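Please have the viewer open as you read.

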Amino acid sequence: MAKGDEQARPDRAPPEPEGPRQVTKFEFNLLRILRFLVGHFPADQGLQFVRTPLTRPECLSAGAVELVKDTLSKASVLFLTRAGGWRNDKYLRNNQPAPGRVWDRIPLDERALQFSRPVLDFLLWLTAEKVHETKQAWDAAPKALTPADELFFALAFDAMRSDPDVLTVLRRKDTFVRNPFCWIMNPADVAEPDGNRPQPPDFAPVFAGQRAVLLECLQTHLTVRWTRTERAKGQIGDWRKMRQQGAAEFVALQGFLGAAEAARRTDLARFVLRTNAQVLQSDMTPVFWTGGLQGSGPPRLADRLETQRAALAVPRQMEILETWQERARYVGYFDDDYQASQMWKADWEAVNGDRVAARARAAVEMLEPLRGPTAAQTAAAADRAAGENPEGSPG
Amino acid sequence: MSRAYRITVKESESRNLKADDEICTQLEILEILPPEDMATLLKEELKKRGFGEQDDGTMVRKDEGCTVAIDPCSGEVTVKAETAATVNQEAKREATGFNDVGPNEKSLREKVKEQLKQDLDKKFDQEQTKLQGKATEALEKHLQELQPEISGVVNQVTRDALKQKAQQMGTVKEISEDAESGSLTIKVEV
């Protein structure tokens with residue numbers, strides 16, 4: 001290359017070394033763990049590394065740090081793109097619908113991910129310690145975390161939650177317990193199993209800045225996750241587990257929807273609407289959710305009822321979404337929220353929200369004691385029966 | 001020479017056991033009239049059915065060990081069943097001690113007493129479970145009996161509210177009710 005060319009580009013990065021970079025055994029494990037946490041390495045082998053302690057070195061080599069940075073940046077962007085960022089979708093920006101893929105809608109400086117020190121500290125701790133028999137405590141102050149850090153920790157939690165020992169340790173750390181992304185992705189696992197009432201974090205910060213952008217990318221991913229969880233509920237045999245899971249889901253979604261409404265970002269709650277639409281594709285009874293429960297359950301009727309109500313945590317959210325729809329119907333052309341409400345109505349109609357809400361209400365009410373058919377309901381049911389057949393019915 | 005002796009300890013205890021079970025649910029009252037008017041109609045209907053008004057505005061009725069409380073403003077219904085019983089339990093244990101080697105009589109007696117206490121606790125726990133079962137059974141039975149009555153209350157309140165609404169809209173010309181189908185037809189001249 002000509003000398004003049006080199007002078008013209010003085011800030012150029014040093015050339016890549018030929019062949020693979022040299023790293024120590026500790027660094028090798030750390031990189032493997034990182035790749036496992038972001039979903040690029042088999043879980044069983046990754047968890048094996050997490051369970052194996054190694055003596056922590058004084059510092060990491062520059063090459064290893066570069067590899068960590070490279071993995072974090074590429075894996076996070078790849079995850080967000082695959083999770084839904086690639087979709088040509090519409091989301092609210094300054095209360096106006098903004099169409100396009102995430103890189104079309106959001107300027108680069110607003111979507112550039114920044115990882116901070118706690119991520120590297122966590123990786124060092126995870127590599128050096130036997131997590132479930134740790135000698136050195138590790139945790140990070142939730143307020144010190146960047147949005148990208150929170151996303152990383154949510155992915156890390158998701159990757160490691162299958163190991164009960166590790167899960168018990170992670171559940172005690174504020175980094176995960178106060179992380180809103182963890183609560184939206186895995187409420188049942190992040191909530192304390194013996195806690196009477198799960199305590200989710202404040203969801204308000206998720207609806208501003210880069211966290212909101214991350215949430216836009218995650219909508220499809222969350223819909224798939226929640227749908228899978230709902231469909232798997234029929235396999236839960238343990239009453240206590242069902243109650244704990246349902247209670248955690250209920251408070252998480254209530255907190256999330258409340259914050260979405262306050263921030264006027266109803267578009268970020270699409271996954272709740274779409275999950276219900278996916279699950280309630282036909283008229284359903286509560287047995288769909290509670291059919292797997294074994295035995296007669298707790299001796300008290302109050303506890304049994306509470307468990308069954310908890311099982312229907314997701315359909316119960318349709319009540320809130322219905323109020324949003326009702327409000328959106330009355331927003332006039334000259335009102336500030338006209339565009340936003342039009343967008344919500346379009347989302348609602350796209351999934352046939354009225355029908356989904358009616359099915360959710362019917363399933364929830366079937367559980368309620370003292371709800372006999374009133375005259376109005378009987379007449380409405382007769383009209384319905386005359387007018388249409390439920391999906392999946394033979395005639 | 002080693003001599004064996006036998007200690008027999010007998011304990012009896014009497015406890016007042018209580019068990020309860022309750023459910024909370026919501027009445028489905030349609031908003032035909034303003035909420036306060038609907039609450040008044042509900043209150044009147046409940047009074048007719050033997051409910052008494054409490055200081056906090058809730059309507060309460062006690063039937064055979066079950067208490068039904070309805071808040072006319074919010075429509076919240078609480079049905080609670082309570083059972084209580086005074087239970088006597090006895091337990092007896094024997095232990096063998098030796099006068100030379102092994103625990104002395106005092107420590108042996110204390111150990112047996114401790115075991116007896118656990119035996120008694122277990123027996124009371126079983127009684128508590130039985131009592132709990134009774135309370136739950138009573139609640140379930142009462143709910144079955146209560147359900148048609150509550151449906152009747154809701155229907156009656158809805159009918160009364162519709163009649164009032166019709167009167168507010170104009171002159172009521174004709175009212176026809178079919179008790180079997182539950183239909184109500186009101187002709188109004190506006």
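How many residues of chain A are in contact with chain B, and how many of chain B with chain A? In this predicted model, 14 residues of chain A are in contact with 24 residues of chain B, where contact means that C-beta atoms, placed from the backbone, lie within 7 Å. On the side of chain A that touches chain B, the elements giving two or more residues are α17 (301-311) and α21 (375-387) of chain A. That side of chain A divides into eight nonpolar, three polar and three charged residues. Here Ala, Val, Leu, Ile, Met, Phe, Trp, Tyr, Cys and Pro count as nonpolar, Asp, Glu, Lys and Arg as charged, and the others, Gly among them, as polar.

A word on conventions: residues are numbered from 1 along each chain as its sequence is written, and chains are lettered from A and ligands numbered from 1 in the order in which they are written. Because the model is predicted, local features need pLDDT of at least 70 and side-chain atom pairs count only at pLDDT 80 or more, while totals for chains, interfaces and linings use all residues.

Now for the helices, which are DSSP runs (H or I, at least four residues) numbered from the N terminus. Axes are lines fitted to C-alpha atoms over the stretch in contact, and angles run from 0 to 180 degrees between N-to-C directions.

| Helix pair | Angle | Axes |
|---|---|---|
| α13(A) (209-232) and α15(A) (270-279) | roughly 40° | within 8 Å |
| α18(A) (318-329) and α19(A) (338-350) | about 130° | 9 Å apart |
| α1(B) (35-48) and α2(B) (105-169) | roughly 130° | within 9 Å |

The contact of α1(B) with α2(B) is made by B:M38, B:L41, B:L42, B:E45 and B:L46 on one helix and B:V153, B:Q156, B:V157, B:D160 and B:A161 on the other. By class, that contact has seven nonpolar, one polar and two charged residues.

In chain A, A:W324, A:Q325 and A:A328 of α18(A) meet A:S341, A:W344, A:K345 and A:W348 of α19(A). These residues divide into four nonpolar, two polar and one charged.

For α13(A), the residues that meet α15(A) include A:L222 and A:W226, with A:F271 and A:V279 among their partners in α15(A). The contact of α13(A) with α15(A) has four nonpolar, five polar and four charged residues.

Technical notes: Two residues are in contact if their C-beta atoms, placed from the backbone, lie within 7 Å.
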